[in-house]
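Keep the viewer open as you read.

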Amino acid sequence: MEESTGVDRGIQSLLAARKSLKSSLEKSKAIGLALGKTGPRLDEIEQRLPSLEAAVRPIRADRDALGDVGGNINRAVGPAAAVLKVFDAVHGLEKSLLSDPRSDLSGYLAVLKRLEEALKFLGENCGLAIQWLEDIVEYLGDHKVADEKYLLNLKKSLRGLREFHNDVEGGVGGGGEKERSQLRLDGGLRDAALDKLESEFRRLLKDNSVPLPMASPSSLGDQACIAPSQLPVTVIHKLQAILGRLRANNRLDKCISIYVEVRSSNVRASLQALDLDYLDISVSEFNDVQSIEGYIAQWGNHLEFAVKHLFEAEFKLCNDVFERLGLNVWMDCFSKIAAQAGMLAFLQFGKTVTDSKKDPIKLLKLLDIFTSLNKLRADFNRLFGGAACIEIQNFTRDLIKRIIDGAAEIFWELLVQVEIQKQTPPPNDGGVPRLVSFVTDYCNKLIGDKYKSTLTQVLLIHKSWRSERFQDNQLMVEVLRIIKAIEQNLDVWMKAYPDQTLAHFFGMNNHWHLYKNLKGTKIGDHLGDSWLKEHDQYKEYYATVFLRDSWGKLPSHLSREGLILFSGGHATARDLVKKRLKAFNDAFDEMYKKQVTWVLPEKDLRDRVCQQIVQAIVPVYRSYMQNYGPLVEKDASSSKYVRYTVVALEKILSSLYMPKPMRYGSFKGTPPSEKHKNDVDLRRTTSAVV
């Protein structure tokens, strides 16, 4: 019994243990299930712990640090907020600045100025705001008041802002870098606005720049000088306002380029009406100065017009527009306009003339050019005297030196050139050599009212450059030496003629030329009345000898000797008349053939000589034919003996010694004589007696 009782107890104990174990297992299972459900929540808690730790960290931070952090943050956020507010204001100006400034220029400039002030504020305050933000971040990190990850993000953002700000600060030294840095600040808004202002500046100039109306080129000198500005005052004020803003933004050079381009183009358009193509002519395109003599005369008028009207107006306008920017700015602007508009082309033409070959006419043209430049000397000094016009100054000085050197060289060689011509043969036609006619007229011009003072001034300057003295009467002395050299040449040439009749004809011709062309002139006054009278007497002497030894011999062939004795015998008288008429005709034809190519260029002398010849021959011939012509006129062979009517004979003699057209202008060489041609045959056709 006791054993069964013990067994029962053992079983019950096992059952109890089993039940207990089962219960424990069920509890463990329940706990396992509960733990499985709690895992994700723990993970979530684990993930939130850093942020919770960061949130709790200020509680664990030093109490003083926590107390100071609020003020530091407020000081940093204030400037940053102001900067952001200005950025917003900049963007608010965009619509106004991208509009056309034409409608309201003053309002546009005011908005642009606000933009510039905003950009200046940003440039000055961005760095301060960044510095304070950097300081507060550093404070938060040092005192462990903020999460490190959060601080890292802040530091990264501030580092980007600092790099941007350093770029801005680095650009302050150079205009280009500064503009590029500010371009980042405003997104290119200011540059776009400045571009629009430049366009408006160009438009205002173009719309109000009109070429000067031209009168006829011949009346250029009569036009009054232009005093008022060529642009309206309101336009000038607008240009000045635009210049002020562009200058403040380092755009002045571009503005000046626009101004020079538009205004120089306007001047060129004004000059186009004058047909200035000749300014581009080169030395190789003409033989001598005479071939471009007309261009040189035009050049003086055109240069005066360009300086006194066009460049004078541009000079004043540059001053009006750029006066607020200083003398150097507007003078530099004007110098560029003058150069681009063609001032240098005018001076280059003068240089081309100085480069041409030496010729006496060139001396006169050089004096014309010098006169034109000297007339404009005060204008040149005023308009082109500044440092900015150094190129025009140098070109002008070089041109004047070339003119003075060239003119002096030609003048001092004139006497030598005259003396050299002594070796050339005299003209075959007995006329006035080109040298004589040219030099007398040329010397009269040199000491005439037009050239004397200019030539004296040129020679005086040339002598002064060589530290030599120029006497007051030296010009006249040299001219008189040239005239006397001509006298010597005449003596040599007269002796060179093998035919004395032609020599006397030549002497009559040339002594009369000197007398007539020098009497009443300044040269004649200096030579004196006795000198002039001597040449007049020489003319009379040679004229008398010439007529005596040539045409004066013809009347002797019409002698009446013996005809009275045979008045009763017509046959004998007829034969004698035929013989004497034939002798007269042969002598006349020979004389005419010999002298038909001779020339008397002076009309008064020619008329007088021809009249003397007519008076010496025609009355004798008329009387002879009236008395004895009928004896032969009815003869079948009368035409052999009566070759000329009285009228025909007179016309032939009156038409002698007519000059032939020739080129006049230089004394180098003597032109060959041309065969005289009669357009009308004045020989006898019907009756010899009229």
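Among the contacts with a separation of 6 or more, 83% link residues 24 or more positions apart, where contact means heavy atoms within 4.5 Å. This is a predicted model: local features need pLDDT of at least 70, side-chain atom pairs count only at pLDDT 80 or more, and totals for chains, interfaces and linings use all residues. Residues are numbered from 1 along each chain as its sequence is written, and side-chain values use heavy atoms, with hydrogens and water left out.

The protein has 24 helices and zero strands; these are DSSP runs (H or I of at least four residues for helices, E of at least two for strands), numbered from the N terminus. Of its 690 residues, 44% are buried, meaning under 20% relative accessible area with a 1.4 Å probe, protein chains only.

Now find α16 (residues 434–446) and α19 (residues 500–518): they pack at about 15 degrees, axes 11 Å apart. Axes here are lines fitted to C-alpha atoms over the stretch in contact, with angles from 0 to 180 degrees between N-to-C directions. So α16 is roughly parallel to α19, a label for angles under 35 degrees. On the α16 side, Val436, Ser437, Thr440 and Asn444 make the contact, meeting Asn510, His513, Leu514, Asn517 and Leu518 of α19.

What else does α19 hold? Thr501 sits in this helix too, and Thr501 counts as buried because its relative accessibility is 12%. Beyond its neighbours within four places in sequence, Thr501 touches Phe546, Asp549, Ser550, Lys594, Gln595 and Trp598.

Key
Buried < 20%, exposed > 50% of the residue type's maximum accessible area, 1.4 Å probe, protein only. Parallel < 35°, antiparallel > 145°, perpendicular 65-115°, else oblique.
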